[in-house]
Amino acid sequence: MNGGNGIAIDVKGLTKSFGGREVVHDLSMQVKRGSIYGFLGPNGSGKTTTIRILCGLLTPDSGEGTCLGYDIRRDAEKIKRKVGYMTQRFSLYQDLSVRENLEFVARLYGLPDARGAARDMIKRLGLSGREEQLAGELSGGWKQRLALGACTLPNPQLLLLDEPTAGVDPKARRDFWNEIHALAAEGLTVLVSTHYMDEAERCHEIAYIAYGNLLAHGTVEEVIAKSALTTYTVTGETLNELAAALTGKPGIDMVAPFGTSLHVSGRDVAALEASIAPWRAKDGLHWQKSPPSLEDVFIELMGRSKDNFQ
Amino acid sequence: MSAVEHPVPRRETRDRFGFLRRSYAMLIKEFIQLKRDRVSFAMIVMLPVMQLMLFGYAINTTPRHLPSAVLLQEDSDLARSILKALENTAYFRFLYEVHDVDDFDNLLKSGKVLFGVEIPRGFERAVRRGDRPALLVAADATDPVAASAAIGSLGMVVQTALKHDLYIGAPPEMPFEIRAHARYNPAASSSLNIVPGLVGTILTMTMLIFTALSVTREVERGTMESLLSMPIKPVEVMLGKIVPYVLVGFIQAFLIISIGVGLFGVPVLGNLFLLALLSTLFITTNLSIGYTISTLVQNQLQAMQMSMMFFLPSILLSGFMFPFAGMPAWAQYLGEALPLTHYLRIVRAIMLKGATMENLRFDTLALAALMLLAMTIAVTRFRRTLD
């Protein structure tokens, strides 16, 4: 079986439309077992739809593939037993307590000792003392932890996390990611969608999806290397004027302010350098050629895909 | 005036129109939302039309064609004439002709007929001799309205009909005596009719709404998505959502019946266990229908509206408010498709007539069939994916 040992997710040519609008287009991807796979892309790019197809919540219009060795079309019920799916919106019962929510999940999956399993998970999550609190009353960070706990309770082999840290403070985000790495170390495969670049950099592999198309994938280094983007970082004064002057010039695909510096990037090195030449010698501006950041690469990919697909 | 020194700031004039402008903005928004909510929109049209049709056409407090039986202990010309005369009044429709008292009683008890005429042995001869024998008439008075109109019409009708048969010219007085017997509710007390009816009506309303909201609530709160990603089958979701409310409905039924018996003196002549059993069936049927509604609608408001759409005909066409026998055939067929119709017969028969399972087989089967139908629709309609 192709999903037997090395590969957790192996799908080809997934396509899905809603009301005549194609949300996922001919998407193929492979995720290795035990890896953390980051799923990036702008809002409405088809990340959630792809995740829902993988866990059997949506049926693809075309395309095929396996998830944990099970056919995503035929074996949706088997996949559900081995996959933990954490929805984008908090989807545990707000009017049930922490313990009751966990016990509900444990019973649904038929765990032999539902109460015991819930108790252990509460301990693992550090929620001891709050087990009788209603889930709806938890803070955002605790809700996310509880939701993650509920997904991992039935010992899944694959976790699908849809923007798990949206709206969560940095400390809670870091704790959350430490937990994900701990789970991956135990052999779990994790597919996680996110908008945060620092989170993308904590993934073993990433894929970038925009307008339903998978545009780039690989390790962070590979994705940056493949982008063929040249970036200059400019520091100094009057950066606002510079940004306004450079935007739209030939060879300049992107001008983005980063605090006290400005990133100027383009794919065509010669054209880029020709365009910035008049400002290179200007006083008070310090130009430095630098490797593009992941964010530069993604924003450039997004801009390009807009041209190609919209 | 200080207006010269402090000219009225422009903001204030703007605010006066601002009131209208903001109200207008709100109004436009509400209209757009209403337009998008197709079900609510349909309801605005459907509810008044439905009410008008039902009240205008279906409801008739003077019952016609009451299903009737005759206990014929002699087969004489006179007996035939009387029956013919009765049928010609359009009040009665003779469906059964029996020769045995027990059969006669059972027909009334099971609610297959609401009216019975007993022609005793030797009737014709007694009439000819001028003995003024008794013509026994039994009416099911569990619905006093239906019974009284029919009983009231009897004397005159029969007299007119007999003119042509017995004598030339009108008889000086009735050649026989009509002895009407309002069975099960001789005092024609309306609470005897209404209390058992309320058991069914209240149960319909509360049970429907409990489950009609159950699935939509999960969808609206977003919990459905994670529920669907877990290994649970549609039937399991349905059973899990229905069973707790069976208990709730049971407590409710117990309360209403206790109050009916305690405060209104409504008797429970039949078997309490049978009443409990069939009430549970009725509760489950309503819960399944409510659950079916929740799989058909998109939000909780639509669920409430659809429940109303079901509840209204239940009240009007089931025989709760108006005599079932008074409705035209099409309305009676509609009524037969409503669980409340069958439960009303069951609960009235058990409480007031002391009916047994034997008498209630048809209505029990009908309830069970409606329950299974609702459950089947619900399970097939339940979407296992978000497609």
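Two residues are in contact here if their C-beta atoms, placed from the backbone, lie within 7 Å. A few notes on the structure follow.

1. **Ground rules.** This is a predicted model, where local features need pLDDT of at least 70, side-chain atom pairs count only at pLDDT 80 or more, and totals for chains, interfaces and linings use all residues. Residues are numbered from 1 along each chain as its sequence is written, while chains are lettered from A and ligands numbered from 1 in the order in which they are written.

2. **Confidence.** The complex gets an ipTM of 0.82 and a pTM of 0.81 from the predictor.

3. **Helix 5 of chain A.** Helices (H or I, at least four residues) and strands (E, at least two) are DSSP runs, numbered from the N terminus. Ten of the 13 residues in helix 5 of chain A are buried, meaning that 20 or more other C-beta atoms lie within 10 Å of a residue's own, C-beta atoms being placed from the backbone. Among them are A:Leu146, A:Leu148 and A:Cys151, but also A:Lys143 and A:Arg145. The buried residues pack against strand 6 (83-86), helix 3 (98-108), helix 4 (114-125), strand 7 (158-162) and helix 6 (170-185) of chain A.

4. **Helix 11 of chain B.** This helix (residues 272-296) passes the length check, because its 25 residues should span 36 Å at 1.5 Å a residue and its end C-alpha atoms are 36 Å apart; the expected span is 1.5 Å times one less than the number of residues. With 18 of those 25 residues buried, helix 11 of chain B is largely enclosed by the rest of the structure.

5. **The four-stranded sheet.** Chain A has an open sheet with strand order 12-13-11-14 and antiparallel pairing; strands pair if DSSP finds at least two bridges between them. Strand 12 (254-258) and strand 14 (285-290) are the edges, each pairing on one side only. Strand 11 (residues 230-236) and strand 14 of chain A share six bridges in the antiparallel sense, and A:Gly236 sits opposite A:Leu285 of strand 14.

6. **The interface.** On the chain A side, 16 residues are in contact with 13 residues of chain B. Helix 2 (residues 76-82) of chain A gives the most to that side, with three residues.

Definitions and conventions
A residue is buried if 20 or more other C-beta atoms lie within 10 Å of its own, exposed if 12 or fewer, and partly exposed in between; C-beta atoms are placed from the backbone.
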